Every structure is written in structure tokens, then in C-alpha cells.
Amino acid sequence: PESVRRAVGYYAAPAVAALFTPAMTIGTAGGRTLGWLVDSIATRDLYPQATVVQLMGHIDPTASRMDAPELSRTLAQRLGASCVTLNAPVFADDRASRDVFLSHSQIGAAYQRFAAVDLALVGIGSLVESVFFARGVLNAADRVRLQAAGAAGEICGRFYDRCGEECATDYRDRVIGIGLDVLRQRGDVIGVTNGADRAPAAVAAVVGGLVTGLAIDHRCAEAMLALGKGREKGGAG
């Protein structure tokens, strides 16, 4: 799996780099495949007027190279751009705690930059293989509740159903990160993932207008096409 992630990131990097413009604002989430893409970005041009914005909070206290704050800083360094960080956890303990974080001036300032994002790079997660469960941020009981709510995928800590709409659970009131409605309004949103198991999440992201492009491997693509045919036969669009 790691070699596939690396290959997806390596081959997607030039296409993503071609989207960069001198004064644009680039939003960056976290993810293993996205991490390889950022590591593979190679450009001879610097963009000192550009800004990289962290789109979601920290997963946990560890500083993994695949997390949003690390990827945001790495991309900004490669482009010679400025970086706006989001110094908060991706999941607050409850809605009241989230509101306290959002009331902080620095976090509020980062939130205001979301609406200025021209290009967003986001990972696409699933309930089958999710960094939130792997790192103990969410547990088995959380997975059961999200499955019951119809969760098909996750972007920036926000779980959405097969139509790309955010699931109506208390989890959405705990997230510190870009909202799905704000993400839909961005010019370009590239979803980065791999594997057939991520296909339902990727299809739901496309159907819901959460992404405008994908960087995926052939297994994910083939599984998406199969699911698409199933939707057509079932009359689900």
C-alpha cells in the first residue's frame, strides 16, 4: 500500500503543480497519499505572494509527516509561500469546547481564510481504514454510530453520506476545520486517495460536489466505475 501511495503522489504532483498561480491561496488537509504528493512537488518557480492554509486541526499530539500542519508547512516552504496554521485539534471534546477554540482570534483568522482558498488538496477517508480510528481519536463505538448515520466517507474530519451531505451527528459539531459547504464553493478541490476500499467515499465526494478532481490509483478508479454503473441501474443517479 505504501508504494501505491507514493506512486499516486509522484505522478499526480506535476498535474497539481500546473494549477499553481503566483498569488493564489492553497488549502491543505492531511493524508498519507497526500503526503507523498506534497513531498513530490518540484517547481522551479517560487510564489512569495501565495498563501498555504491548513484546512483542518491536528489529529493528535504527535507530529506525523502526513498531518495537515506538517503538509501545509512543507508545501509553503517548497513554494516560498506564507503559511496560515490552525492551532487546534481536529475534534474538540464537545460543541462547547469547539466554540471556545473558534472564539480565539488566531483560529478565527484562519477560518476566515477558508473562503479565499482557490485550490484545496484534501485526503478522502473511509470508515474501513481511517486515521482517526487507527490513532485512537475515535473508537469502535464511534464507528458504529457513524455507520448508523450513513457515513460513506470523510474529508477534513467531516463525515458525509453517499450523496456527499454531512451526516447529522454530534461529530459535526466537534470538528475544527473547513465546512463541506465552504469546500464546495472553492474553485478547484483535488481529492487524493487510493485503493478499492476508498471507492464509495470517492464516489460520494464526486456526487456531492465536494471535489472537482481526483488523484487515485487504477484500483480505486475501477471500483468507482463499477459503483457508478450500480447507481445508474439502481436509479440513484
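Helices (H or I, at least four residues) and strands (E, at least two) are DSSP runs, numbered from the N terminus. In a regular strand the side chains alternate between the two faces of the sheet. The model is predicted, so local features need pLDDT of at least 70 and side-chain atom pairs count only at pLDDT 80 or more, while totals for chains, interfaces and linings use all residues. Residues are numbered from 1 along each chain as its sequence is written, and side-chain values use heavy atoms, with hydrogens and water left out.

Thr 28 stands opposite Gln 54 in strand 2.

Now select the aromatic residues. Rings of Phe, Tyr and Trp (its six-membered ring) pair if their centres lie within 6.5 Å, and planes under 30 degrees apart count as stacked, over 60 as edge-to-face and the rest as tilted. By this rule the count comes to five aromatic pairs. The rings of Tyr 111 and Phe 114 have centres 4.9 Å apart and planes at 45°, so this pair is tilted. Both residues lie in helix 5 (residues 105-114), three residues apart, which is about one turn of the helix. Tyr 111 is partly exposed, at a relative accessible area of 24%, whereas Phe 114, at 3%, counts as buried. Selecting Phe 91, Phe 132 and Phe 159 shows a cluster linked by ring pairs.

Finally, turn to the largest pocket, which holds about 350 Å³ of space. On a 1 Å grid over the protein atoms alone, a pocket is an open set of points where a 1.4 Å probe fits, with protein on both sides within 12 Å along at least five of seven lines, and lining residues have an atom within 4 Å of a point; the volume is the space filled by probe spheres set on the points, which are joined across faces, edges and corners. Of the 27 lining residues, the closest to the pocket centre are Gly 30, Gly 31, Arg 32, Ile 124 and Arg 198. Helix 2 (32-40) and helix 6 (131-134) each supply at least two lining residues, and the largest share, three residues, comes from helix 2.

Technical notes:
Buried means under 20% relative accessible area, exposed over 50%, partly exposed in between (1.4 Å probe, protein chains only). Two strands pair if DSSP finds at least two bridges between them.
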